[in-house]
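Morning, everyone. I'll take a few minutes on helix packing. Please have the viewer open.

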Amino acid sequence: MAASTRVEAAKSALRQQTIELPSWAFGNSGTRFKVFSQPGVPRDPFEKLSDAAQVHQYTGVAPRVSLHIPWDLVDDFGALARHAEDLGVQIGMINSNVFQDEDFMLGSLAHPDPRIRAKAVDHHKQCIDVMRATGSKDLKVWLSDGLNYPGQDSIRARQDRIAESLRQIYDALDDDQHMVLEYKFFEPAFYVTDVPDWGTSLLHVMALGDRAKVVLDTGHHAPGTNIEFIVAQLLRQGRLGAFDFNSRFYADDDLMVGAADPFQLFRIMHEIVSAGAHAPDSGVNFMLDQCHNIEPKIPAQIRSVMNVQEATAKALLVDVEALTAAQLSGDVLGAHGVLMDAYDTDVRPLVAEVRAEMGLDPNPTAAFAASGYAEKIASERVGGAQAGWGA
Ligand code: PSV
Ligand code: MN
Ligand code: MN
């Protein structure tokens, strides 16, 4: 393929790629040491959607917002979905939350007491009702279930309980609804996490059926884990349902995607593009799962979307023919060089051009800053309880 053809194909793919935003990125957040509050932060889920819509307005590629229940509980989810539509966005995945209720101290879907497990299953059924009311097609499940001490509970029995509970949830889905199961290697449990890795998640979703897939949160692995290998494996099985994109330096830091290791993000997107999984109908949802503790939230989400776009653009510019030829002839350094040439390309002008062609300002960050929206919400949203992570 000629370089100019590759550039045109990349531009067309970039126009079609979409990135889903987390509602919780717009609320106040922090660490267990301190939650810092920022002026103008949303007071309710309606305002979170308004802020998320700004990210879409200036990037043009972030048309969905994922909700977290009960953080985003409202009386009328139909009204929330209509509000989203008025703003030009849609409700995306619905995240369950079984990690902040006293009853779930010893687990939720894996809890030894069948009454507590039933409560956790019921919560997921409520999330499915929210999906029906908002038009969302995807249920996202992350379990904090685990053990702190050897002997605390049976590792095997807990897997059986999770399988049985997930089966009830999966069976409660409508035929056109899907489910994704997220894994995380530690935290809040320290000894055993019941769904710690992609293998465990994959085994559970494969037992459920075709509409269940794995979520890969980039911050949920031990240091040194080769994440693009996991991406390749899950794609081979047709079971990569979604990303929770973020960056980590140490643990589950939830920093902006592409901030800690842009090269890793590129390597991930290279696997995605190689498998054609960047296409809108691939079934892979490119979601962000981030918290902006000290930086302004809307610009941080804009930057994150741009980082994903730039990594995708670089992956789309890989000279596939040259790469394959070098790989097949055993040209180790040649193959590596082809990949690095794409990574080392400054794609910012290309992505700016795509934006201009979409009728957008080529510089979303500057355009948002000039809009006066941040000042407007800071003056309008004075007082009232501010919604945040866990609120
Ligand atoms: C857990 O660490 C997690 O990554 C899950 O996706 C939760 O839904 C989210 O964080 C909450 O921020
Ligand atoms: Mn996550
Ligand atoms: Mn996480």
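I'll go through two helix contacts, one after the other. Keep in mind that this is a predicted model.

Start with helix 7, residues 227-236, and helix 8, residues 262-274. How do they cross? Their axes come within 9 Å, at roughly 15°. Angles under 35 degrees count as roughly parallel, so helix 7 is roughly parallel to helix 8. The hand of this crossing is right-handed.

Now the residues. Helix 7 brings Ile 227, Glu 228, Val 231, Ala 232 and Leu 235. Facing them from helix 8 are Gln 264, Arg 267, Ile 268, Glu 271 and Ile 272. Sort the residues of this contact by class, and you get 6 nonpolar, 1 polar and 3 charged.

Next, helix 8 again, this time with helix 9, residues 297-316. What is the angle between helix 8 and helix 9? The axes cross at roughly 55°, and they come within 8 Å. Helix 8 is therefore oblique to helix 9. This crossing, too, is right-handed.

Who makes the contact? On the helix 8 side, pick out Pro 262, Leu 265, Phe 266, Met 269, His 270, Ile 272 and Val 273. On the helix 9 side, take Asn 307, Ala 311, Thr 312, Lys 314, Ala 315 and Leu 316.

Definitions and conventions
Residues are numbered from 1 along each chain as its sequence is written. Chains are lettered from A and ligands numbered from 1 in the order in which they are written. This is a predicted model: local features need pLDDT of at least 70, side-chain atom pairs count only at pLDDT 80 or more; totals for chains, interfaces and linings use all residues. Axes are lines fitted to C-alpha atoms, for helices over the stretch in contact, and angles run from 0 to 180 degrees between N-to-C directions. Helices (H or I, at least four residues) and strands (E, at least two) are DSSP runs, numbered from the N terminus. Angles under 35 degrees count as roughly parallel, over 145 as roughly antiparallel, 65 to 115 as roughly perpendicular and the rest as oblique. A crossing is left-handed if the near helix is turned anticlockwise from the far one by less than a right angle, and right-handed if clockwise. Two residues are in contact if their C-beta atoms, placed from the backbone, lie within 7 Å. Ala, Val, Leu, Ile, Met, Phe, Trp, Tyr, Cys and Pro count as nonpolar, Asp, Glu, Lys and Arg as charged, and the others, Gly among them, as polar.
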